[in-house]
Amino acid sequence: MQPVSGGCIHRCFRASLKGRRVFLKVNDARFADAFAAEADGLAALRDAGCRAPQPLSHGTSGAESYLLMEFLELKSRGDYAALGRMLAAVHERHGESFGWERDNYIGATPQKNHHSASWAEFWRKQRLGPQLALAKRHGHALDIGHVCDLLEKHNPAPSLLHGDLWGGNAGFLPNGAPVLFDPAVYYGDREADLAMTELFGGFPAEFYSAYGPLPSGYEVRKHLYNLYHLLNHLNLFGGGYLAQVKATLRLLADAL
């Protein structure tokens with residue numbers, strides 16, 4: 001096995017198993033459910049036609065847990081237009097309600113996915129609510145007011161989402177073909193995936209052109225969706241994200 005850099009939570013290795021190149025993630029046994037959730041998400045993306053690493057096995061061994069998957073040689077740049085089209089196709093996979101059949105994780109933070117017929121209620125109770133409660137325990141008492149009212153008349157279809165779609169979770173094969181990994185899947189508003197692609201620098205213009213247009217109001221709603229990820233970063237990494245959280249809340253309050 002050879003150590004591979006890049007992950008901030010798990011220890012990662014490139015290895016060979018019975019002549020096949022594989023990728024191995026390892027951590028304490030308490031991460032077994034996180035690895036199970038990741039394998040579940042990768043399988044869901046692949047089932048929807050997305051190129052993602054094939055999960056091979058996961059479980060525990062002594063005091064450690066692991067996830068074994070297909071190894072893909074990836075680079076950071078490639079065919080972004082193909083990535084946009086691939087994501088649009090994934091979003092065409094629809095569920096009967098918002099949520100997922102199991103809870104999973106956004107980074108190292110538990111993510112609730114109880115089914116709901118109301119997107120506004122789902123976002124309020126299962127996305128922002130738990131993050132706000134966690135922030136309060138960390139000493140950051142935040143009042144979001146009525147910002148979720150921005151979703152009351154927005155009725156999206158429950159689309160299959162990657163769930164954690166920033167640039168670090170997309171890559172490209174040597175031929176330029178796109179690959180997605182490290183998902184936090186659920187059925188939700190497709191705009192939430194697109195919003196996160198803009199949070200940390202954005203993808204190239206050809207990605208958005210190939211994906212296609214978004215409904216009126218996205219330019220405001222994207223900040224409400226990214227508030228979830230900013231709160232998660234505040235909870236995971238500390239007060240350096242507090243100013244950005246407060247600025248986003250001010251922007252959303254002004255949009256009401």
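In the predicted model, helix α6 passes helix α7 in a left-handed crossing. Two packed helices are described by the angle between their axes and the distance between the axes. For α6, which spans residues 218-237, and α7, which spans residues 242-255, the packing angle is about 155 degrees and the axes lie 9 Å apart. Because angles over 145 degrees count as roughly antiparallel, α6 is described as roughly antiparallel to α7. On the α6 side, the contact is made by Val220, His223, Leu224, Leu227, Leu230, Leu231 and Leu234, while α7 contributes Leu242, Gln244, Val245, Thr248, Leu249, Leu251, Leu252 and Ala255. Sorted by class, the residues of this contact comprise 12 nonpolar and three polar ones, with no charged residues.

Leucine 142, which is found in the loop between α3 (119-137) and β8 (159-161), is in contact with residues of both of these packed helices, including Leu231 and Leu234 of α6 and Leu242 and Val245 of α7. Although leucine 142 and leucine 242 are 100 residues apart along the chain, their C-alpha atoms are separated by 9.7 Å.

A further feature of the model is the second largest pocket, which holds about 150 Å³ of space. This pocket is lined by 13 residues, of which His91, His94, Ala157, Ser159 and Arg190 are the closest to its centre. Two or more lining residues are given by each of the elements α2 (80-91) and α4 (190-197). By class, the lining of the second largest pocket consists of five nonpolar, four polar and four charged residues.

Key. Residues are numbered from 1 along each chain as its sequence is written. This is a predicted model: local features need pLDDT of at least 70, side-chain atom pairs count only at pLDDT 80 or more; totals for chains, interfaces and linings use all residues. Side-chain values use heavy atoms; hydrogens and water are left out. Axes are lines fitted to C-alpha atoms, for helices over the stretch in contact, and angles run from 0 to 180 degrees between N-to-C directions. Helices (H or I, at least four residues) and strands (E, at least two) are DSSP runs, numbered from the N terminus. Angles under 35 degrees count as roughly parallel, over 145 as roughly antiparallel, 65 to 115 as roughly perpendicular and the rest as oblique. A crossing is left-handed if the near helix is turned anticlockwise from the far one by less than a right angle, and right-handed if clockwise. Contact means heavy atoms within 4.5 Å. Ala, Val, Leu, Ile, Met, Phe, Trp, Tyr, Cys and Pro count as nonpolar, Asp, Glu, Lys and Arg as charged, and the others, Gly among them, as polar. On a 1 Å grid over the protein atoms alone, a cavity is a set of points where a 1.4 Å probe fits but cannot get out, and a pocket is an open set with protein on both sides within 12 Å along at least five of seven lines; lining residues have an atom within 4 Å of a point. Grid points are joined across faces, edges and corners, and a volume is the space filled by probe spheres set on the points. Lists of a residue's contacts leave out its neighbours within four places in sequence.
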